[in-house]
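Dear colleague,

Please find below the structure that I am handing over to you, with its sequence.

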Amino acid sequence: GFPNKYSFNFDGSNDYLDAGKSSDLGTGTNFTVSFWFKSESSSKAYMAQIQKGASSSGLAFLANSIGTSVNAGHITALAWNGSTHLHLSFDGSIDDGEWHHIAFTTTSSAQVLYFDGQSVDTDTIAFANAFDSNPIVIGARGGGAEPFDGLIDEFAIWNTALDATAIGKIGSKPVDLTKYSASNLKLWLRAG
């Protein structure tokens, strides 16, 4: 189990966190998003969305989905390239009732999806930083649509692409995230 007894608990119907404007992350195209989650459903849901507009993602993370299609056990990361969304997906069997870690890194030209500390999918698109005054939403898509049913904790965003060694350590167990590029750590939400 997770090493603390507190986590953000989303009920799959109307719970989500608004973590402020996506533009507060800063500018540029290098980012890392990392969090622990435990899915309690096999329904497609948004675990997090960093909006570039009121109804669209700059970055987003879906449970039980390949791309935007329902597929139990899979995870998908969406990244905006300026004209369409890139989909990085992996069958992580997340419908097993266990805690898992997801991380995603992007630079201006390369993306990596990590699951439980291991690289599981990559691509090389030109990532477009289109963040604006629309929010970072945790536990759903903007406005509370497609809500997540489960637990999320240790949600973090850096405005740099962490390397595979750092992601491996962060994905092995919850750790003090300030040990990893602390000056670039822009958001860290923990319930424990």
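The charged end of Arg-141 lies over the ring of Tyr-46, at 5.7 Å from the ring centre; a charge sits over a ring if NZ of Lys or CZ of Arg is within 6 Å of the ring centre and within 35 degrees of the ring normal.

The model is predicted, so local features need pLDDT of at least 70 and side-chain atom pairs count only at pLDDT 80 or more, while totals for chains, interfaces and linings use all residues. Residues are numbered from 1 along each chain as its sequence is written, and side-chain values use heavy atoms, with hydrogens and water left out.

Searching the whole structure gives five aromatic pairs. Rings of Phe, Tyr and Trp (its six-membered ring) pair if their centres lie within 6.5 Å; planes under 30 degrees apart count as stacked, over 60 as edge-to-face and the rest as tilted.

One of the pairs is Phe-35 with Phe-37, which is tilted, with 6.1 Å between centres and 55° between planes. Phe-61 and Phe-104 are edge-to-face because their planes stand at 70°, with the centres 5.9 Å apart. This pair joins distant parts of the chain, 43 residues apart: Phe-61 belongs to strand β5 (residues 56–66) and Phe-104 to strand β8 (residues 100–106). Strands are DSSP runs of E, at least two residues, numbered from the N terminus.

Phe-35 is buried at 0% relative accessibility, where buried means under 20% relative accessible area (1.4 Å probe, protein chains only). Phe-37 is also buried, at 0%. Phe-61 is buried at 1%, and Phe-104 is buried at 1%. Ring pairs connect Phe-35, Phe-37, Phe-61, Phe-104 and Phe-155 into a cluster.

Yours sincerely

Technical notes:
Buried < 20%, exposed > 50% of the residue type's maximum accessible area, 1.4 Å probe, protein only. Helix = DSSP H or I, 4+ residues; strand = E, 2+ residues; numbered from the N terminus.
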